[in-house]
Amino acid sequence: QLDYPDAGRTVATGIDGINVVGDYQDAEGVTHGFIYDGTSYSQLDYPDAGRTVATGIDGINIVGEYQNAEDVSHGFIYDGTTYTQLDYPESISTIASGIDGNNVVGEYQDAEGVTHGFNYDGTTYNTIDYPDAGRTVATGIDGINIVGDYQDGEGVIHGFIYDGTTYSQLDYPDAIGTV
């Protein structure tokens, strides 16, 4: 069981080796990120953020999302010393969810409010959109493989895997939706 000390709730969202990241809510209802190294917890807060969520970890690098004073979501990467903001160009919000080496995946909302997945290689952002989907979210990456979920035209949510060329739908048998 993972419970950040004295937290109202604790959510674990990413793991690399024995290191676990996630978020917790303090007694005042403020959400903070955390890292747990198998022995102790450390709080992670993007500077001057109203809310911080850690979602993925690879080695010392942690990705997540924070909200600024205007409640706008921005992605971030934290290398153990420095926080760097990640924003998909011309997006109205960005959330980083997974990391593998220099590659970060997540989601962004465009100017029309449509949600798209993305991959960022440290230099270039690329959109990840499941064909004919109304919404796509990339949540994890390992090598060239990206996983996430998308919403089809009938509003049903499906999982997917993308190998850089081909999208494959992932649906748990007999489920009404898969994330």
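Two strands pair if DSSP finds at least two bridges between them. In this predicted model, strand β10 (residues 103–109) and β11 meet that description, pairing in the antiparallel sense over six bridges, and Glu 107 has Gly 117 of β11 as its bridge partner.

- Strand β11 covers residues 115–120 and is mostly covered, with six of its six residues buried.
- In a regular strand the side chains alternate between the two faces of the sheet.
- In β11, Thr 115, Gly 117 and Asn 119 point one way, while His 116, Phe 118 and Tyr 120 point the other way, and all are buried.
- The hairpin of β10 and β11 has five residues between the strands, and Gly 113 in the turn has a positive phi of about 85 degrees.
- On its other pairing, β11 runs antiparallel to strand β12 (residues 125–128) over four bridges, and Tyr 120 has Tyr 125 of β12 as its bridge partner.
- Four residues lie between the strands in the hairpin of β11 and β12, where Gly 122 takes a positive phi near 100 degrees.

**Strand β7 and its partners**

- Strand β7 is also mostly covered, with five of its six residues buried.
- β6 and β7 pair in the antiparallel sense over six bridges, and the bridge partner of Glu 65 in β7 is Gly 75.
- Five residues separate the strands in the hairpin of β6 and β7, and Asp 71 there takes a positive phi near 60 degrees.
- β7 is joined to strand β8 (residues 83–86) by four bridges, and these two strands run antiparallel.
- Phe 76 has Gln 85 of β8 as its bridge partner.
- The hairpin of β7 and β8 has four residues between the strands, and Gly 80 takes a positive phi near 95 degrees in it.

**The largest nonpolar core**

- The largest nonpolar core has 11 residues, among them Val 21, Ile 35, Leu 44, Ile 57, Phe 76 and Tyr 83.
- Two or more residues of this core come from each of β5 (51–58), β6 (61–67) and β7 (73–78).
- Leaving aside residues up to four places away in sequence, Tyr 83 touches Leu 44, Asp 45, Tyr 46, Pro 47, Phe 76, Ile 77 and Tyr 78.

**The largest pocket**

- The largest pocket holds about 210 Å³ of space.
- Its lining consists of 15 residues, of which Gly 56, Ser 97, Gly 98, Thr 139 and Gly 140 are the closest to the pocket centre.
- At least two lining residues come from each of β1 (9–16), β5, β9 (93–100) and β13 (135–142).
- By class, four of the lining residues are nonpolar, eight are polar and three are charged.

**Partly exposed residues**

- Gly 113 is placed in the loop between β10 and β11, and it counts as partly exposed because its relative accessibility is 34%, a value between the limits of 20% and 50%.
- The C-alpha atoms of Gly 113 and Asn 145 are separated by 26 Å, and the two residues are 32 residues apart along the chain.
- Ser 40 belongs to the loop between β3 (31–36) and β4 (41–44) and is partly exposed, with a relative accessible area of 35%.
- Ser 40 and Tyr 4 are 9.2 Å apart in space, C-alpha to C-alpha, and 36 residues apart in sequence.
- Asn 126 lies in strand β12 and is partly exposed, with a relative accessible area of 38%.
- The contacts of Asn 126, not counting residues up to four places away in sequence, are Tyr 88, Gly 117, Phe 118 and Asn 119.
- From Asn 126 to Val 105 the C-alpha to C-alpha separation is 9.4 Å, with the two residues 21 residues apart in sequence.

- Most residues other than glycine have a negative phi.
- Asp 6, a residue other than glycine, has a positive phi near 60 degrees.
- Asp 6 is in the segment before β1 and counts as exposed because its relative accessibility is 77%, over the 50% limit.
- Asp 132 is likewise not a glycine, and its phi is positive at about 65 degrees.
- Asp 132 is found in the loop between β12 and β13 and is exposed, with a relative accessible area of 78%.

Technical notes: Residues are numbered from 1 along each chain as its sequence is written. This is a predicted model: local features need pLDDT of at least 70, side-chain atom pairs count only at pLDDT 80 or more; totals for chains, interfaces and linings use all residues. Side-chain values use heavy atoms; hydrogens and water are left out. A nonpolar core is a set of buried Ala, Val, Leu, Ile, Met, Phe, Trp, Tyr and Cys residues joined through side-chain atoms within 4.5 Å. Buried means under 20% relative accessible area, exposed over 50%, partly exposed in between (1.4 Å probe, protein chains only). Contact means heavy atoms within 4.5 Å. On a 1 Å grid over the protein atoms alone, a cavity is a set of points where a 1.4 Å probe fits but cannot get out, and a pocket is an open set with protein on both sides within 12 Å along at least five of seven lines; lining residues have an atom within 4 Å of a point. Grid points are joined across faces, edges and corners, and a volume is the space filled by probe spheres set on the points. Ala, Val, Leu, Ile, Met, Phe, Trp, Tyr, Cys and Pro count as nonpolar, Asp, Glu, Lys and Arg as charged, and the others, Gly among them, as polar.
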